[in-house]
Amino acid sequence: MFGLPARHVGQQRFSGGRDEILGAVPSAFRSLNWRILSESDGRCEAHAPFSISSWGERVRVEVEDDGIVRVSSKCIHLLQFFDWGKNLMNVSEFLAQLRKEMLASKRSRPRMDRKGNGAGESHG
């Protein structure tokens with residue numbers, strides 16, 4: 001993308017509650033080896049490290065109540081006006097990793113039967 005500083009914004013709707021999605025965001029950041037900068041109500045920020053195509057990016061994730069996840073990636077260096085597609089790649093990689101984290105958390109939860117009992121539990 002072209003601009004001062006270069007940036008890209010994307011979004012995707014995820015199933016699950018806002019808290020569930022927000023809970024998976026730090027894991028996705030860590031899986032990508034991005035340093036978490038801040039976490040606040042409905043928003044998380046991380047630093048994507050230096051690469052051959054940029055001096056690093058600040059990635060901001062905002063989660064809405066309806067499951068919409070908005071991701072913006074912006075070059076840290078204010079005078080970097082061209083990013084060679086790095087911000088687009090950050091947004092795409094983050095959304096893909098968040099999908100993986102959400103699937104992993106759903107698989108690790110015990111399944112419930114129709115009565116609300118965990119699968120495999122015995123009740124006497």
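## Contacts of Phe 29

Leaving aside neighbours within four places in sequence, Phe 29 is in contact (heavy atoms within 4.5 Å) with Trp 34, Ile 36, Cys 44, Glu 45, Ala 46, Val 59, Val 61 and Phe 94.

## Basis of the values

This is a predicted model, in which local features need pLDDT of at least 70 and side-chain atom pairs count only at pLDDT 80 or more, while totals for chains, interfaces and linings use all residues. Residues are numbered from 1 along each chain as its sequence is written, and side-chain values use heavy atoms, with hydrogens and water left out.

## Nonpolar core

A nonpolar core is a set of buried Ala, Val, Leu, Ile, Met, Phe, Trp, Tyr and Cys residues joined through side-chain atoms within 4.5 Å; buried means under 20% relative accessible area (1.4 Å probe, protein chains only). The largest such core has 22 residues, and Phe 29, Trp 34, Val 61, Val 69, Val 71, Phe 94 and Leu 98 touch the most other members. Two or more residues each come from α1 (18-31), β3, β4, β5 (68-75) and α2 (86-108). Helix α1 gives the most, with 6 residues.

Helices (H or I, at least four residues) and strands (E, at least two) are DSSP runs, numbered from the N terminus.

## Strand β3 and its partners

Strand β3 (residues 43-48) has 5 of its 6 residues buried. Strands pair if DSSP finds at least two bridges between them. Strand β2 (residues 35-40) runs antiparallel to β3 and is joined to β3 by 5 bridges; Ser 40 has Arg 43 in β3 as its bridge partner. The β2-β3 hairpin has 2 residues between the strands, and Gly 42 takes a positive phi near 80 degrees there.

Strand β4 (residues 57-63) is also antiparallel to β3, with 6 bridges joining them. Glu 57 in β4 stands opposite Ala 48.

Notes: Buried < 20%, exposed > 50% of the residue type's maximum accessible area, 1.4 Å probe, protein only.
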